[in-house]
Amino acid sequence: MGCDRNCGLITGAVIGAILAVFGGILMPVGDTLIQKTIKKEVVLEEGTTAFKNWVKTGTEIYRQFWIFDVQNPEEVMMNSSNIQVKQRGPYTYRVRFLAKENITQDPKDNTVSFLQPNGAIFEPSLSVGTEADNFTVLNLAVAYNNTADGVYKVFNGKDSISKVAIIDTYKGKRNLSYWESYCDMINGTDAASFPPFIEKSQVLQFFSSDICRSIYAVFESDVNLKGIPVYRFVLPSKAFASPVQNPDNHCFCTEKIISKNCTSSGVLDISKCKEGKPVYISLPHFLYASPDVSETTDGLNPNEEEHRTYLDIEPITGFTLQFAKRLQINLLVKPSNKIQVLKRLKRNYIVPILWLNETGTIGDEKAKMFRSQVTGKINLLGLIEMILLSVGVVMFVAFMISYCACRSKPIK
């Protein structure tokens with residue numbers, strides 16, 4: 001009887017140990033299976049999940065414009081007064097609904113090239129007015145139609161998944177010819193996706209043709225997006241700082257007067273990128289800009305919640321599932337004896353013209369599919385691993401304690 005009981009306890013302990021070991025083994029094996037599946041599905045080639053969503057995004061993307069309406073033009077022209085502005089908007093367009101064109105795979109260097117056609121459909125229900133409103137700057141949005149961005153050539157990830165979606169060339173070049181030194185490099189992806197297995201410690205680099213440069217984002221927080229755990233990466237203020245505050249930005253300072261000897265923060269002269277037109281870009285309402293930038297303009301109210309740029313990235317696949325790209329277009333206006341309305345000006349102005357908010361969020365159906373095919377399976381596997389390990393350890397410990405207790409009792 002004692003033998004039967006002891007044998008039963010030993011058997012229970014052995015079963016517990018086997019379950020614990022199996023659970024422990026399943027962890028690296030499961031992780032390997034997940035990595036193998038992800039590496040296969042994020043490659044940019046016909047038949048993969050990534051390729052299908054890459055060719056034509058299923059996410060509805062909107063670009064909203066806010067126009068800065070100058071309230072006192074006469075005072076400014078006559079007395080060089082501060083510009084009083086009032087923002088009007090949003091005027092909303094649906095964009096990026098057209099599929100990529102001229103998609104060409106190059107097996108020699110494992111890249112895929114494409115052209116991204118632009119299109120804009122006005123959305124009256126999401127706007128405060130109509131396209132007939134008297135704002136000539138709205139032509140910027142209309143002119144978006146029948147244009148294209150590219151040609152882009154990106155790595156498809158077949159030879160190395162760590163390079164998938166990273167831009168090899170843009171318009172046939174690896175540099176932009178706008179900036180000096182490393183500032184002129186085309187770095188990272190286009191921000192629609194990144195190589196998989198994102199770490200919070202990473203600095204994510206991406207290129208934006210809208211701002212004529214490469215830029216980067218850093219991890220800020222964990223976010224739950226429709227039941228999908230994502231990492232929120234944001235553009236830090238350091239990316240817009242003056243070379244005095246961030247020496248890495250020295251090659252983005254191209255002149256000394258407007259930038260006050262490269263001490264001003266928060267604006268970027270992109271005139272070389274705009275055929276010599278005096279265009280400066282910034283974040284909306286001069287967010288993160290130094291006080292001297294906005295000292296000639298009244299009516300601005302910068303705040304991070306409305307005006308910063310962020311990316312919500314699913315870390316296992318590297319897919320951007322939600323984003324908000326915020327950007328402000330400004331014009332440099334200077335005194336000029338050749339232009340009548342500028343003759344009386346006594347100082348330079350960086351005049352805010354408009355700011356845009358381009359946003360996209362994974363739809364409910366796609367989120368459901370993503371949960372079932374990616375995060376759901378990973379969570380289920382993790383749950384099984386933990387149950388096997390926990391139950392196994394508990395069984396092993398409990399049966400071994402019982403066995404020892406029985407062994408210590410004197411036989412009657």
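**View 1. Phe197 and its backbone in a predicted model.** At a relative accessibility of 27%, Phe197 is partly exposed (between the limits for buried, under 20% relative accessible area, and exposed, over 50%, with a 1.4 Å probe and protein chains only). Although Phe197 is not a glycine, its phi is positive, about 65°. Phe197 belongs to the loop between strand E7 (167–170) and strand E8 (203–208); strands (E, at least two residues) are DSSP runs numbered from the N terminus. This is a predicted model, in which local features need pLDDT of at least 70 and side-chain atom pairs count only at pLDDT 80 or more, while totals for chains, interfaces and linings use all residues. Residues are numbered from 1 along each chain as its sequence is written, and side-chain values use heavy atoms, with hydrogens and water left out.

**View 2. Lys226 in a loop between two strands.** The loop between strand E9 (213–225) and strand E10 (228–234) contains Lys226. Lys226 has a positive phi near 55° and is partly exposed, with 33% relative accessible area.

**View 3. Strand E14 and its partners.** In a regular strand, side chains alternate between the two faces of the sheet. From strand E14 (residues 310–313), Tyr310 and Asp312 point one way, Leu311 and Ile313 point the other way, and all are buried. E10 and E14 run antiparallel and are joined by four bridges, where pairing requires that DSSP find at least two bridges between the strands. Arg232 is the residue opposite Asp312 of E14. E14 also pairs with strand E15 (residues 320–333), in the antiparallel sense and over four bridges; here Leu311 faces Phe323 of E15. The hairpin of E14 and E15 has six residues between the strands, and Gly318 in this hairpin adopts a positive phi near 85°.

**View 4. Two cis peptide bonds.** The bond from Gly89 to Pro90 is cis, with omega near 10°, and Pro90 lies in strand E2 (residues 83–95). Gly150 and Val151 are likewise joined by a cis peptide bond, with omega about 20°; Val151 is part of strand E6 (residues 147–155).

**View 5. The largest cavity.** A cavity is a set of points on a 1 Å grid over the protein atoms alone where a 1.4 Å probe fits but cannot get out, and its lining residues have an atom within 4 Å of a point. The structure holds one cavity of 30 Å³ or more. The volume of the largest cavity is about 50 Å³, taken as the space filled by probe spheres set on the points, which are joined across faces, edges and corners. Its lining consists of Trp54, Phe114, Val154, Ala165, Ile167, Asp190 and Ser193.

Note on methods. 1 Å grid on protein atoms, 1.4 Å probe; cavity = no way out; pocket = protein on both sides within 12 Å on 5 of 7 lines; lining within 4 Å.
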